[in-house]
Amino acid sequence: MSIKKVISNDNRQLIITIEDSFDFSSHQQFRNAYSEYNIVGSKVVVDLSKTTYMDSSALGMLLLLKDHVEALTGKLIIFKPNATVLKILEIAQFHRLMNIEP
């Protein structure tokens, strides 16, 4: 499990990349990646292109991030989940709650 964050030069976009498994063991590191990012109207991208596994606690973490981003009137994008992760997101109806870009 590895979580990386990158903030754009203009400070208007945060990209959180999750490698390998996205599960409860990622909770603190994931929360730390966004909790101090409080730019109103910003864009937060969760890059799942390198995520191989996701469980229900990861879905809960994404919902907490969604609440954080919405409080800042920002935009949340889930970026490039693989077929397995995309299936989990679709079963949980996340495509109705947030933008998922293939």
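Student: Is Tyr 34 buried or exposed?
Tutor: Tyr 34 is buried, because its relative accessible area is 6%; buried means under 20%, exposed over 50% and partly exposed in between, with a 1.4 Å probe and protein chains only.

Student: What sort of model are these values from?
Tutor: This is a predicted model: local features need pLDDT of at least 70, side-chain atom pairs count only at pLDDT 80 or more, and totals for chains, interfaces and linings use all residues. Residues are numbered from 1 along each chain as its sequence is written, and side-chain values use heavy atoms, leaving out hydrogens and water.

Student: Which aromatic pair does Tyr 34 form?
Tutor: Tyr 34 makes an edge-to-face pair with Phe 30, 5.5 Å centre to centre and with 65 degrees between the planes. Rings of Phe, Tyr and Trp (its six-membered ring) pair if their centres lie within 6.5 Å; planes under 30 degrees apart are stacked, over 60 edge-to-face and the rest tilted.

Student: And how many aromatic pairs are there?
Tutor: Two. In the pair of Phe 22 and Phe 30, the centres are 5.1 Å apart and the planes at 50 degrees, so this pair is tilted.

Student: New topic: what does Thr 51 touch?
Tutor: Leaving aside residues up to four places away in sequence, Thr 51 touches Ile 18, Asp 20, Phe 22, Asn 82 and Val 85, where contact means heavy atoms within 4.5 Å. Thr 51 is also buried, at 0% relative accessible area.
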